[in-house]
Amino acid sequence: MENLRILAKNLDQKNEIINLFVLLGYKEDSFCTYNNDDLMGIHVYKDGDIQDVPDEDYNHDEHKEITLPELRALVSLHKNPINI
């Protein structure tokens, strides 16, 4: 696991993102409490924690930014690994 970040555009997208990270083995932290429709960042940490952060606190250099399609692809590969 690595430190990642992704920006959610609304509450539905935030919930999808958190569910996808859980499928990858990250765990939802007690700090996932922002329940509004504003833009919000979601940070995941290599120790497995998921946290949502307000948009103004979103950028952290130690986190690699990914997109929702990239996250979906990671989950797909996780579920169906390619054996070479």
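Let's start with helix H2: its twelve residues should span 16 Å at 1.5 Å a residue, and its end C-alpha atoms are 17 Å apart, which agrees. The expected span here is 1.5 Å times one less than the number of residues in the helix. Helices (H or I, at least four residues) and strands (E, at least two) are DSSP runs, numbered from the N terminus. Keep in mind that this is a predicted model, where local features need pLDDT of at least 70 and side-chain atom pairs count only at pLDDT 80 or more, while totals for chains, interfaces and linings use all residues. Residues are numbered from 1 along each chain as its sequence is written, and side-chain values use heavy atoms, with hydrogens and water left out.

Which residues of H2 are buried? They are Leu68, Leu71 and Val75. Buried means under 20% relative accessible area, exposed means over 50%, and partly exposed is in between (1.4 Å probe, protein chains only). Seen down the axis of H2, these buried residues fall within an arc of 60°, so they line one face of the helix. The arc is that of the directions from the helix axis to the C-beta atoms. S1 and H1 are among the elements that cover the buried residues of H2.

H1 has 13 residues and reaches 19 Å from its first C-alpha to its last, close to the 18 Å expected at 1.5 Å a residue. Its buried residues are Gln13, Lys14, Ile17, Ile18, Leu20 and Phe21. They cover an arc of only 160° around the axis, which puts them on the same side of H1. Here's a handy bit of background: an α-helix has 3.6 residues a turn, so residues three or four places apart point the same way.

Take Leu20, which lies in H1. Not counting residues up to four places away in sequence, Leu20 touches Leu68, Leu71, Arg72 and Val75; contact means heavy atoms within 4.5 Å. Leu20 and Leu74 are 54 residues apart in sequence, yet 9.0 Å apart in space, C-alpha to C-alpha.

His78 sits in H2. Leaving aside neighbours within four places in sequence, His78 is in contact with Leu23 and Leu24.

**The whole chain**

How many helices and strands does the protein chain have? There are two helices and five strands, and from the N terminus on the elements run β-α-β-β-β-β-α. Of the 84 residues in the chain, 39% are buried. Among contacts between residues at least 6 apart in sequence, 55% join residues at least 24 apart. The chain exposes about 5300 Å², and carbon and sulfur atoms supply 49% of that area. Accessible areas come from the Shrake-Rupley method with a 1.4 Å probe, and for residues only the protein chains shown count as cover.

**The core**

In soluble globular proteins, nonpolar side chains tend to be buried together. A nonpolar core is a set of buried Ala, Val, Leu, Ile, Met, Phe, Trp, Tyr and Cys residues joined through side-chain atoms within 4.5 Å. The largest one here has 17 residues, and Ile6, Ile17, Phe21, Tyr26, Ile42, Ile50 and Leu71 touch the most other members. Strand S1 (4–8), helix H1 (11–23), strand S3 (40–44) and helix H2 (68–79) each supply at least two residues of this core. The largest share, four residues, comes from H1.

There's also one aromatic pair. The rings of Phe21 and Tyr26 have their centres 5.4 Å apart and their planes at 80°, so the pair is edge-to-face. For the rule, rings of Phe, Tyr and Trp (its six-membered ring) pair if their centres lie within 6.5 Å; planes under 30 degrees apart count as stacked, over 60 as edge-to-face and the rest as tilted. Both Phe21 and Tyr26 are buried.

**Asn3 and His63**

Asn3 lies in the segment before S1, while His63 has its place in the loop between strand S4 (49–54) and strand S5 (64–65). Leaving aside neighbours within four places in sequence, Asn3 is in contact with Val44, Tyr45, Lys46, Glu62, His63 and Lys64. On the same terms, His63 is in contact with Asn3, Leu4, Arg5, His43, Val44 and Tyr45.

| Residue | Relative accessible area | Class |
|---|---|---|
| His63 | 3% | buried |
| Leu20 | 11% | buried |
| Asn3 | 14% | buried |
| His78 | 46% | partly exposed |
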